[in-house]
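Work through the exercises below with the model open beside you. Try each task before you read its solution.

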Amino acid sequence: MTKTIVIDPVTRIEGHAKISIFLDDAGEVSDARFHVVEYRGFEKFCEGRPFTEMAGITARICGICPVSHLLASAKTGDKILAVKIPPAADKLRRMMNLAQITQSHALSFFHLSSPDFLLGWDSDPATRNVFGLIAANPDLARAGIRLRQFGQMVIEKLGGRKIHAAWTVPGGVRSPLSPEGRQWIVDRLPEAFETVNLALGLFKGMLDEQLKNEINVFGEFPTLYMGLVGPNGEWEHYDGKLRFTDSQGNIVADGLSEDDYHAFLGEAVEPWSYLKFPYYQPLGYPDGIYRVGPLARLNVCDRIGTEAADRELQELRDRAGGVPTSSFLYHYARLIEILACLEKTQELVDDPDVLSSRCRAHGGVNQLNAIGVSEAPRGTLFHHYQVDENGLLEKVNLIIATGQNNLAMNKTVAQIAKHYIHGTEIPEGLLNRVEAGIRCYDPCLSCSTHAAGQMPLHLQLVAADGQILDEVYR
Amino acid sequence: MTVKTLKIDGKDVAIERGATILQAAKEASIPIPTLCFLEGVTPAAACRMCLVEVEGSSKLLPACVTEVAEGMVVQTNTPKLQEFRRMNVELLFAEGNHVCSICVANGNCELQDMAITVGMDHSRFPYRFPDRHVDVSHEQFGIDHNRCILCTRCVRVCDEIEGAHVWDVAQRGEHCFIVSGLHQPWGEVDACTACGKCVDACPTGAIFRKGNTTGEKERDRAKLAFLVTAREKHQWTR
């Protein structure tokens, strides 16, 4: 009965994963699990290292969003030094995070997810990838790749290199933007705007047509949302306070400080996954399910604070008839966030502070316990360090965005499986849809378990008696 | 002054008696790789990078401490020596915990440069991952024993140039490590004048300024030779 189908090329998710789908006696799906089967152990092996190294070490967790770790770690370091970083450093860090969100979202949308939308869920897996996209729509593919390049280049202009730029440090940043770097950004911004507007138009058109049904199947359920908001409730990506809202748009908790995360975030552990299951503590586990990331950030904020992005946000809310609750709309939210990032980058390049060399504060070890937070492309990222009086780490806790979406990802997988699977055979094309359900969240499994390389997605169909009815690898 | 004449890599070299092969090679512009050697302090022959072949000797000899002799025939860059040097660097890497990507000395490290020079792209020896500690008890500086290659430059500059003798080598063989004072936390060693010469002398990122992050270590290596020259020859120029 059991069979193995090998599908090549390998999947478009970041990291190692396995999915089990459980059937009841009637052959209907009763549950589904998204297993993350990799382990990295950063929290453990960082113990004993100087906290000043943490930005450099934790950035190595990921090649896609190293900036997120650089920022969360540097912010935690700021608190250990107990310094207020110079305004220039704050703006420069913000600029790098905007570039990071732009490049990561562009990667998620154009390279990883758009082949499904543009080439079709059931198209040949051999070409259902960015190369297929290049063949089918070279102009769009080129624009998407160049949009990602824009974000990466801004990171390089700031930090000296695109990946793992050891530029954010406790106390600020190492160097300002150069006038040449600033000019490069100014020159390339119009093209970036053009690309994101093109993608927004294209995706909205598809939501009206061929992707209409996906909204109701790919993670459409009520949960809480969490994200940082600014002092006036505006969209925030680097600093600010945490806010929880529900699916009706009500504010459940507001003005929360990352320092108190223990009070409102719990972390559950399941024996079948290396990925922890964070939940909103007052509601318990698993009822405290919440989502983070692009859609959550757009749901918790009152407004974005830039003209074009606010217009798009309003349209998203109008289309959803209130709070958009389908995880499929993460893709939409990503495009709106790219637009917001570009607008905010535009504002920042006009600020003379970004060229200021007063961008680093110095200090000793003045606080032994510190928690830093920032918004990674995939959601809220916490770093928690405890150091000895000399600044050597005694304890490290990293709460990663993908982990916080774990409950929602499991629920999304179950929802898609229940919708498409009726019987003991895995219908053709299901694997891709299940994957795409996970892909909505743009999970970074390597980050969230703090493993390297690519591992196939492994899908098991398990009968009520535990028998494995079908199995698919890719 | 008695002059000795010898051949290094086929080149005739004349140099005063008492000079080392390393000095003679330098005079003749023949590069010999070194790691533990530091201008201005006593050579220690600890790293074995400068080993050369000398005709008539069955052993490889360290150029930094071997005196020249009349009629000596020296080879500095034979395939045997190249292979030996690469193996030596591999062993240095395998012995400690050298993670360049996050090291304060990344891009400015003599061990890293040496690996590139000898063409090391991997280690044939399994990494030992020893359990070593970091001491950041000093107000200004830190020592990460994971990155230490036991060149003893810090020991020698502190003793011979600064005259404080904070550093020493403890234990034997694979258990060797650098100690401050009488194996006290560095911050508690009264003898330390916080001059920073050990930071300037250290070839890797083992001794660093606190607060330095990835690739931020800078050294003023010329300062050490300057101090020695100024003291011994009363020449105050850099």
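Two strands pair if DSSP finds at least two bridges between them. Helices (H or I, at least four residues) and strands (E, at least two) are DSSP runs, numbered from the N terminus. The model is predicted: local features need pLDDT of at least 70, side-chain atom pairs count only at pLDDT 80 or more, and totals for chains, interfaces and linings use all residues. Residues are numbered from 1 along each chain as its sequence is written, while chains are lettered from A and ligands numbered from 1 in the order in which they are written.

**Exercise 1. Find the partners of strand β3 of chain B, and the residues that face each other.**

Step 1. Start with β4 of chain B (residues 60-62). Strand β3 (residues 51-54) pairs with β4 in the antiparallel sense, over 3 bridges. Within this pair, B:Val52 stands opposite B:Leu61.

Step 2. Check the turn. The hairpin of β3(B) and β4(B) has 5 residues between the strands. There, B:Gly56 takes a positive phi near 95 degrees.

Step 3. Go to β5 of chain B (residues 73-75). This strand runs antiparallel to β3(B), and 2 bridges join them. B:Glu53 has B:Gln75 in β5(B) as its bridge partner.

**Exercise 2. Give the strand order of the open sheet of 4 strands in chain A, and name its edges.**

Step 1. Read the order: β8-β7-β6-β11, with mixed pairing.

Step 2. Pick out the edge strands. They are β8 (251-256) and β11 (290-291) of chain A, and each pairs on one side only.

Step 3. Look at one pair inside the order. β6 (residues 224-229) and β7 (residues 241-245) of chain A are antiparallel, with 5 bridges. A:Val229 stands opposite A:Lys241 in β7(A).

Step 4. Inspect the loop between β10 (277-280) and β11 of chain A, where A:Pro286 lies. The peptide bond that joins A:Tyr285 and A:Pro286 is cis, with omega about 5 degrees.

**Exercise 3. Describe how domain 1 of chain B meets domain 2 of chain B.**

Step 1. Domain 1 covers 3-76 and domain 2 covers 83-233.

Step 2. Taken over C-alpha atoms, they are 25 Å apart.

Step 3. Count contacts (C-beta atoms, placed from the backbone, within 7 Å). Domain 1 of chain B brings 14 residues and domain 2 of chain B brings 21 residues.

Step 4. Sort the domain 1 side by class. Ala, Val, Leu, Ile, Met, Phe, Trp, Tyr, Cys and Pro count as nonpolar, Asp, Glu, Lys and Arg as charged, and the others, Gly among them, as polar. That side has 10 nonpolar, 2 polar and 2 charged residues.

How values were computed. Domains from an automatic or database assignment. Contact = placed C-beta atoms within 7 Å.
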